[in-house]
Number of protein chains: 2
Amino acid sequence: MSLIVQKFGGSSVADAERVMNVASIVTDTYKQGNNVVVVVSAQGDTTDDLIEKAKEINPKASKREMDMLLTAGEQMSIALLAMAIEKLGYPVVSLLGWQAGFKTNSNYSMARIKAVKTERLKKELDKKNIVIVAGFQGINKYEDLTTLGRGGSDTSAVAIAASLHADRCQIFTDVEGVYTADPRKIKGAKKLQEITYDEMLELATLGAQVLNNRSVEMAKKYNVELEVLSSLKRVPGTIVKEVATVEKMLVRGVTKDSDVARVSIIAIPDVPGIAFKVFGKLAAKGINVDIILQSVGRDGTKDITFTVARDNGEESVALIKELLSLNDNQIVCDTNVAKVSVVGAGMETHPGTASKMFEALFEVGVNIQMIATSEIKISVLINEEDADRAVAAVHKAFLPEDE
Amino acid sequence: MSLIVQKFGGSSVADAERVMNVASIVTDTYKQGNNVVVVVSAQGDTTDDLIEKAKEINPKASKREMDMLLTAGEQMSIALLAMAIEKLGYPVVSLLGWQAGFKTNSNYSMARIKAVKTERLKKELDKKNIVIVAGFQGINKYEDLTTLGRGGSDTSAVAIAASLHADRCQIFTDVEGVYTADPRKIKGAKKLQEITYDEMLELATLGAQVLNNRSVEMAKKYNVELEVLSSLKRVPGTIVKEVATVEKMLVRGVTKDSDVARVSIIAIPDVPGIAFKVFGKLAAKGINVDIILQSVGRDGTKDITFTVARDNGEESVALIKELLSLNDNQIVCDTNVAKVSVVGAGMETHPGTASKMFEALFEVGVNIQMIATSEIKISVLINEEDADRAVAAVHKAFLPEDE
């Protein structure tokens, strides 16, 4: 007998019909002789609707009370899913985050899981119950409710899988798995059978919104085998694990990330400590910097260019302007940019991946502004309007349709 | 410094504007130097909407999962009210039923409060917080959520007031207090300044839907002084306590209850044990019988007539028909009836109350079908279409407008 953890997002349980669909997936898994723990998010737009309600009353509400409000969303969805499973005639029990043993720190709205106390979960599984757990939520040492932040239900599912040593953690979404590129945009984008944790992490970071990053990190740390699959079409999905079969592919995927702003500091004095000051300041404000490029000094001055999330662009400019007493001509922010990346563990042993990418971009006339590489990824920053064309060209170069 | 418990129903917190209104009532009470604990129900139609959602998925959902679903309603309203109070700049914390210490039995959907463990409540009050508590809910020994049944938020408020020895428990509603009759229907209906627990209990039982009966019983038992008042108009309400000032009134109120059916068993053999069988059967099925009238035997037969809640009428007929093997002519159910009552602790020392009531009904041509009396109440069963006219006539007889 296996223990399977299944996670369903908000769109998978958006209405009564979809809740019944999930109930049938869950009970089919149970019928096959498995123990099943199910993690669910709030239905459809419930969380957004609740945030809207809160804003109407107090846009500056405390995070504690926001968490009290939002955790009601999953509470409703676990109860409804349990009722659907009762209707199908199977033994079931729903548990809130705290009932399922989720102990977190007190960082309301972005809490970290400290432990999952599995006594209750185990007791319910011993009773042969299908156990429905509210994702995204836990309880802190003051016995107050907390939330894990957006995408936290993935993390809840992986944490349960890790704590119970589950055989597999299935993350159901509205896509059929992880693709080599966005299948709605790139002709010939292929679903991957397997992918490594590291590759998945790079893809997630680069804007493929299939899995929450923290959940992949946790899966890697505790060696939880993940499967990303569709709640609407019952076909095998993509397995995420430590070592993936190569499938004769050099790269796993090509991604586009438009949530980028490029900040350039121009012609500042070439004295020691500037970079330290700049990036120290940004780090102190919690702004993550991605690609960094520093020009060679000339005439006693140099340029520093870096990328941040688009929302952080203006704030970064303001911070650095004040820090270095710059004028408007010395620092600019460009949000008309996008990052295109190829990801694949295979590329580190294959020389020429970078040049193959640059060639593909050159052939379709895309200008490269910045380049960053790691062991399993090459990213380029380009004009945003070129991005879709760039992804198509790079995908065609590495993953030709007929292969 | 006093400790005040305030309870607001669903209509008082139905939208953002009303939530802000409640926040201002609460903070005004706090500003006057009082400790304040606030009990709130779910917003507006939330509970009904959730029940609808559940029915769509599974009309026979377990009560445990229904309670899991419904308790989310108050969770949302306490968070929103806390946010509104934060906006006004006062220290506040919201607590779920279980966080506020509500321990109940495991009778899901109709749980009884076993204890209120007040440690957390006291801690928050010591910190000078306004404490917002989710009404209607608690937790059982399995650490599962329970609800107290409809109107349970009143009971939650009284239980907190009793446990903390509060100076007063204010129940805010959409009426200004307890009236001698329904003020929307009876010209000259007057708001009472004070009323006893027993009178309030009779009025509640008789259809004046101001206070939940269990909450009044609990208030009487623990001697909690209640005040029924309006959340929309800031004027003094009606105080409910052990001994009320008489206000020169013989009766406290005149009520109409249309939730009645009259069942008549006609010409059955006048043998011993019939009444025992009939009412034993109904009791076993959980059907409450109100007024009972048995005719004197004649020709070896007798008639038995009684009233039940309207919903129980047909079931009662079916049960007794089978029990006594009756035909359709021997048992009839009439739902075209209503019960009109006068209530007042004063009447037991004033002879002639009954005859004054009957005279008033006679003068407006209302026929009396059945009569029941207790120490503080006289009820008559009449045709439903006569009921409003009857209430007006009786009210005028006992509580003339110019008094």
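1. A:Ser109 counts as partly exposed, because 16 C-beta neighbours lie inside 10 Å. The scale runs like this: a residue is buried if 20 or more other C-beta atoms lie within 10 Å of its own, exposed if 12 or fewer, and partly exposed in between, with C-beta atoms placed from the backbone. A:Ser109 sits in the loop between strand S4 (102–104) and strand S5 (113–116) of chain A. Helices (H or I, at least four residues) and strands (E, at least two) are DSSP runs, numbered from the N terminus. A:Ser109 has a positive phi of about 80°, although it is not a glycine. Most residues other than glycine have a negative phi.

2. Some ground rules. This is a predicted model, in which local features need pLDDT of at least 70, side-chain atom pairs count only at pLDDT 80 or more, and totals for chains, interfaces and linings use all residues. Residues are numbered from 1 along each chain as its sequence is written, while chains are lettered from A and ligands numbered from 1 in the order in which they are written.

3. A:Phe136 also deserves a look. Its phi is near 80°, a positive value in a residue other than glycine. A:Phe136 is found in the loop between strand S6 (130–134) and strand S7 (137–139) of chain A. Is A:Phe136 buried or exposed? A:Phe136 counts as buried, because it has 29 C-beta neighbours inside 10 Å.

4. Now the two chains together. Chain A can be laid on chain B with an RMSD of 0.3 Å, by a turn of 180° and a shift of 0.1 Å along the axis. The two copies are therefore related as by a two-fold rotation axis. In chain A, the C-alpha nearest the axis belongs to A:Ala72, 2.5 Å from it. The same surface serves both copies, since 100% of the contact residues of chain A recur in chain B. The superposition is by least squares on the C-alpha atoms of residues with pLDDT of at least 70 in both copies.

5. How many residues does each chain bring to the contact? The contact takes 28 residues from chain A and 28 residues from chain B. Two residues are in contact if their C-beta atoms, placed from the backbone, lie within 7 Å. On the side of chain A that touches chain B, helix H1 (16–31), helix H2 (46–57) and helix H3 (63–87) of chain A each supply at least two residues. H3(A) gives the most, with 14 residues. That side of chain A divides into 17 nonpolar, 5 polar and 6 charged residues. Here Ala, Val, Leu, Ile, Met, Phe, Trp, Tyr, Cys and Pro count as nonpolar, Asp, Glu, Lys and Arg as charged, and the others, Gly among them, as polar.

6. Follow one residue of chain B. B:Ala79 is placed in helix H3 (residues 63–87) of chain B. B:Ala79 is buried, with 30 other C-beta atoms within 10 Å. Leaving aside neighbours within four places in sequence, B:Ala79 is in contact with A:Glu65, A:Met68, A:Leu69 and B:Ser94.

7. B:Ser94 leads on to a strand. In S6(B), the bridge partner of B:Ser94 is B:Ile132. Strand S3 (residues 92–95) of chain B and S6(B) pair in the parallel sense over 4 bridges. Strands pair if DSSP finds at least two bridges between them. Strand S2 (residues 35–40) of chain B also runs parallel to S6(B), joined by 4 bridges. Strand S6 (residues 130–134) of chain B is mostly covered, with 5 of its 5 residues buried. B:Ile130, B:Ile132 and B:Ala134 are buried on one side, and B:Val131 and B:Val133 on the other.

8. Next, the core. The largest nonpolar core has 233 residues, and those with the most contacts inside it are A:Val38, A:Leu81, B:Val38 and B:Leu81. A nonpolar core is a set of buried Ala, Val, Leu, Ile, Met, Phe, Trp, Tyr and Cys residues joined through C-beta atoms within 7 Å. Not counting residues up to four places away in sequence, A:Val38 touches several residues, including A:Phe8, A:Val26, A:Leu81 and A:Ile132.

9. Strand S14 (residues 261–269) and strand S16 (residues 301–308) of chain A pair in the antiparallel sense over 7 bridges. Strand S15 (residues 289–294) of chain A is joined to S16(A) by 4 bridges, again antiparallel. A:Phe306 in S16(A) stands opposite A:Val263, and A:Ile292 stands opposite A:Phe306 too.
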